[in-house]
Amino acid sequence: MPAKPVDPAEMRAAVQAVLPWLRGEADQPERPVLAAAVRLSLRTLEHIAPGRSVEVRVPPFAAVQCVEGPRHTRGTPPNVVETDPRTWLELATGALDWAEALDGARVTASGTRADLSHLLPVVRF
């Protein structure tokens with residue numbers, strides 16, 4: 001579990017700042033704005049599902065370990081989820097369904113614990 005909890009208001013504000021982009025109403029936000037939304041929403045996932053059995057990667061901004069189960073310590077973890085910032089934020093806000101993201105190859109998920117569908121969305125608007 002991360003040392004410092006996420007402030008829910010800060011996370012909501014960060015994600016809300018990118019909603020026009022996610023809805024196709026605005027250009028991609030500046031890098032720091034996008035990074036804050038990704039990082040805070042991933043840290044929220046980390047708090048919702050504490051553990052170290054799944055690594056969720058959203059390059060180039062962040063990666064977190066979450067979900068209870070066997071702890072990963074070296075090399076590539078057996079359970080990995082990876083996606084781009086836009087897809088992650090669409091999943092995190094419920095704008096995109098987990099199965100749809102997998103079917104569309106917008107997310108790669110490997111390992112028996114890599115299904116995050118029951119943990120999403122992490123924030124609703």
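Residues are numbered from 1 along each chain as its sequence is written, and side-chain values use heavy atoms, with hydrogens and water left out. Since this is a predicted model, local features need pLDDT of at least 70 and side-chain atom pairs count only at pLDDT 80 or more, while totals for chains, interfaces and linings use all residues.

The core comes up first. Nonpolar side chains tend to be buried together in soluble globular proteins. Here the largest nonpolar core has 38 residues, and L45, V56, V81, W88, L89 and L116 have the most contacts inside it. A nonpolar core is a set of buried Ala, Val, Leu, Ile, Met, Phe, Trp, Tyr and Cys residues joined through side-chain atoms within 4.5 Å; buried means under 20% relative accessible area, exposed over 50%, and partly exposed in between, with a 1.4 Å probe and protein chains only. At least two core residues come from each of α1 (8–16), α2 (19–22), α3 (31–48), β1 (54–58), β2 (62–66), α4 and α5 (98–103). The biggest giver is α3, with 7 residues. As for these labels, helices (H or I, at least four residues) and strands (E, at least two) are DSSP runs, numbered from the N terminus.

Next comes helix α4, which spans residues 85–93. This helix is largely enclosed by the rest of the structure, because 8 of its 9 residues are buried. The buried ones are P85, T87, W88, L89, E90, L91, A92 and T93. After α4 comes G94, with a positive phi near 85°.

Leaving aside neighbours within four places in sequence, L89 is in contact (heavy atoms within 4.5 Å) with V18, W21, L22, L34, A37, V38 and S41. E90 carries a charged-type name in a buried spot, so to speak: its relative accessible area is 10%. With the neighbours within four places again left out, E90 is in contact with L22, A95, L96 and R106.

S41 sits in helix α3 and is buried, at a relative accessible area of 0%. A polar atom of the S41 side chain lies 3.0 Å from the backbone oxygen of V38. Beyond the neighbours within four places in sequence, S41 is in contact with M11, V15, W88, L89, A92 and V122. S41 and V122 are 81 residues apart along the chain, yet their C-alpha atoms are separated by 7.0 Å. V122 is also buried, with a relative accessible area of 12%. Not counting residues up to four places away in sequence, V122 touches M11, S41, T44, L45, I48 and A92.

On the strand side, β1 and β2 run antiparallel and are joined by 5 bridges; two strands pair if DSSP finds at least two bridges between them. The two strands form a hairpin with 3 residues between them, and V54 has C66 in β2 as its bridge partner. The loop between β1 and β2 holds P60, which is joined to P59 by a cis peptide bond with omega about 5°. Another cis peptide bond links L120 and P121, with omega about 0°; P121 lies in the segment after β4.

V67, in the loop between β2 and β3 (80–83), has a phi of about 70° and is buried, with a relative accessible area of 15%. A105, in the loop between α5 and β4, has a phi near 60° and is exposed, at 63%.

Finally, the rings. A search of the whole structure finds 0 aromatic pairs, a pair being rings of Phe, Tyr and Trp (its six-membered ring) with centres within 6.5 Å. Charges do sit over rings, though: the charged end of R12 is over the ring of F125, 4.4 Å from its centre, and R86 lies over the face of W21, at 4.6 Å from the ring centre. A charge sits over a ring if NZ of Lys or CZ of Arg is within 6 Å of the ring centre and within 35 degrees of the ring normal.

Notes:
Rings of Phe, Tyr and Trp (its six-membered ring) pair if their centres lie within 6.5 Å; planes under 30 degrees apart count as stacked, over 60 as edge-to-face and the rest as tilted. A polar contact is a pair of N or O atoms within 3.5 Å; within protein, one must be able to donate a hydrogen and the other to accept it, and residues adjacent in sequence count only if both atoms are side-chain atoms.
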